[in-house]
Amino acid sequence: MLSGRTLFDLSPNALSEAIARARARGEPTLDLTESNPTRAGIAYDETSILRAIALRESLRYDPAPFGHLSARTAVARELSQSGHAVDAARIVLTAGTSEAYAFLFKLLLDPGDEVLVPRPSYPLLDHLAQLESVRPVPYRLVYDGAWHVDFHSVRSAISPRTRAVVVVHPNNPTGSRLTRDELDHLAALRLPIVSDEVFAPYSVRDGGARPISALEATGARLIFSLGGLSKMAALPQMKLAWIALAGEEDLVAAALARLEVIADAFLSVGTPVQHAAAALLASRSTAESAIVRRTRANLAHLSTAASGSPVSVLNVEAGWSAILRLPRTRSDESWAIAFVEQDGVVVHPGHFFDFEEEAFVVVSLLTPEATLKEGVRRIVERVALS
């Protein structure tokens with residue numbers, strides 16, 4: 001009686017069970033996976049935020065498929081500050097980037113069609129594709145001291161049913177940005193590019209000449225750039241995201257016409273957050289600065305703590321995550337369970353993100369600094385003893 005698209009494996013994994021056992025025994029744990037800024041002790045411009053969501057205009061419902069022009073103009077102005085002009089008429093508001101993906105999969109793919117997605121990357125993409133009855137086909141990111149797109153795997157993944165390619169820029173969890181050459185090579189595939197750019201504001205080191213957005217691609221037929229308040233303003237509870245379009249004029253116009261029908265069927269973005277959008281974006285510097293300071297400090301500590309040990313920290317350019325490479329004497333899941341059971345430390349095993357090799361674990365650079373320092377100390381000691 002239930003659809004095949006919702007036939008998920010709902011059984012708990014071994015790590016979840018280990019964490020549940022530890023907490024049932026009342027054992028304290030150091031969670032190095034915290035990625036919710038509202039629970040991570042990040043400073044906010046609270047006065048501006050609370051004032052913004054209490055506007056009288058929020059009492060009136062005035063539906064607009066793409067969102068209120070004032071909110072779209074605020075987003076366009078914010079995006080244009082990076083140096084690439086964005087037109088408010090080419091912005092579609094959604095209630096989160098997950099909904100943006102859902103809209104775009106509806107727009108670009110029929111059931112059974114294929115979309116290229118990066119590996120390793122955030123596992124949510126597989127679930128979103130399954131819910132739209134489309135097939136995610138992976139292409140590889142490879143590491144040789146820095147992360148690169150494996151274009152042989154990209155070309156090998158393309159089939160007659162391929163309709164789009166997803167990039168995550170910066171990637172989660174690798175923290176890697178696309179180079180300009182990589183972006184132009186992707187554009188040359190002549191496939192629509194869906195670029196998830198939610199972590200774009202958060203560099204942990206100088207990005208050099210790397211593009212800020214896929215909107216800068218040369219020769220792309222159709223580009224969709226995704227962002228949102230969840231990361232840009234560290235406000236995941238506000239549920240406002242956007243799609244910015246670029247590309248060939250006729251294709252952009254056709255895409256917008258169809259997106260208007262899709263968006264009108266949902267009308268899901270709340271009125272209060274739309275009226276608050278300009279003020280929320282203007283207030284973001286407080287939280288952004290706090291996050292940049294913390295992620296950079298945590299990354300520096302990781303590098304220092306791992307120096308001279310069997311643990312190594314992979315190169316990261318941006319975002320809120322870091323990857324630790326551990327000895328292959330155990331699987332990443334086995335390491336993660338050992339850290340919980342023996343050291344009271346929680347990390348993500350690499351297979352959560354579809355790492356092809358052992359043994360990697362992922363930690364959040366958003367973790368409060370004292371917690372991360374103690375957790376990493378325990379990890380390094382455990383690995384040294386094993």
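**Close-up 1. Lys 106 and Glu 132 pair up in a salt bridge.** The closest N and O atoms of Lys 106 and Glu 132 are 3.0 Å apart; a salt bridge here is a side-chain nitrogen of Lys or Arg within 4 Å of a carboxyl oxygen of Asp or Glu. Lys 106 lies in helix α4 (residues 97–108) and Glu 132 in the loop between α5 (124–131) and β4 (135–143), so the pair ties together parts that are 26 residues apart in sequence. Helices (H or I, at least four residues) and strands (E, at least two) are DSSP runs, numbered from the N terminus. Lys 106 counts as partly exposed at 35% relative accessibility, while Glu 132, at 18%, counts as buried. For these words, buried means under 20% relative accessible area, exposed over 50%, and partly exposed in between (1.4 Å probe, protein chains only).

A quick note on what you're looking at: this is a predicted model, where local features need pLDDT of at least 70 and side-chain atom pairs count only at pLDDT 80 or more, while totals for chains, interfaces and linings use all residues. Residues are numbered from 1 along each chain as its sequence is written, and side-chain values use heavy atoms, with hydrogens and water left out.

**Close-up 2. Arg 284 meets Glu 78 in another of the 24 salt bridges that the structure holds.** Here the N to O distance is 2.7 Å. Arg 284 sits in helix α11 (residues 284–306) and Glu 78 in helix α3 (residues 69–80), so this pair ties together parts that are 206 residues apart in sequence. Arg 284 counts as buried, at 14% relative accessibility, and Glu 78 counts as buried too, at 15%.

**Close-up 3. Asp 113 reaches Arg 163.** This salt bridge has its closest N and O atoms 3.5 Å apart. Asp 113 belongs to the loop between α4 and β3 (114–119) and Arg 163 to strand β6 (residues 162–168), so parts that are 50 residues apart in sequence are tied together. Asp 113 is buried, at 3% relative accessibility, whereas Arg 163 is partly exposed, at 31%.

**Close-up 4. Helices α12 and α13 pack together.** Two packed helices are described by the angle between their axes and the distance between the axes. For α12 (residues 332–343) and α13 (residues 369–385), the angle is about 110 degrees and the axes are 11 Å apart. Axes are lines fitted to C-alpha atoms, for helices over the stretch in contact, and angles run from 0 to 180 degrees between N-to-C directions. That angle makes α12 and α13 roughly perpendicular to each other (angles under 35 degrees count as roughly parallel, over 145 as roughly antiparallel, 65 to 115 as roughly perpendicular and the rest as oblique). On the α12 side, Trp 335, Phe 339, Gln 342 and Asp 343 meet Arg 378, Ile 379, Arg 382 and Val 383 of α13, contact meaning heavy atoms within 4.5 Å. Arg 378 also belongs to a network of salt bridges with Glu 374, Arg 377 and Glu 381.

**Close-up 5. Helix α1 lines up with α12.** The axes of α1 (residues 14–24) and α12 come within 9 Å and cross at roughly 0 degrees, which means α1 is roughly parallel to α12. From α1 come Ala 14, Leu 15, Ala 18, Ile 19, Arg 21 and Ala 22, and they meet Glu 333, Ala 336, Ile 337, Val 340 and Glu 341 of α12.

Close-up 6. At 1% relative accessibility, Thr 174 counts as buried. Its side chain makes polar contacts with the side chains of Asn 171 (3.0 Å) and Ser 176 (2.7 Å). A polar contact is a pair of N or O atoms within 3.5 Å; within protein, one must be able to donate a hydrogen and the other to accept it, and residues adjacent in sequence count only if both atoms are side-chain atoms. Leaving out residues up to four places away in sequence, Thr 174 touches Pro 120, Leu 141, Trp 147, Asn 315, Val 316 and Ile 323.

**Close-up 7. Arg 90 lies in the loop between α3 and β2 (91–94).** Arg 90 counts as buried, at 19% relative accessibility. Its side chain makes a polar contact with the side chain of Glu 249 (2.7 Å). Beyond its neighbours within four places in sequence, Arg 90 is in contact with several residues, including Ile 243, Leu 245, Val 252 and Leu 256.
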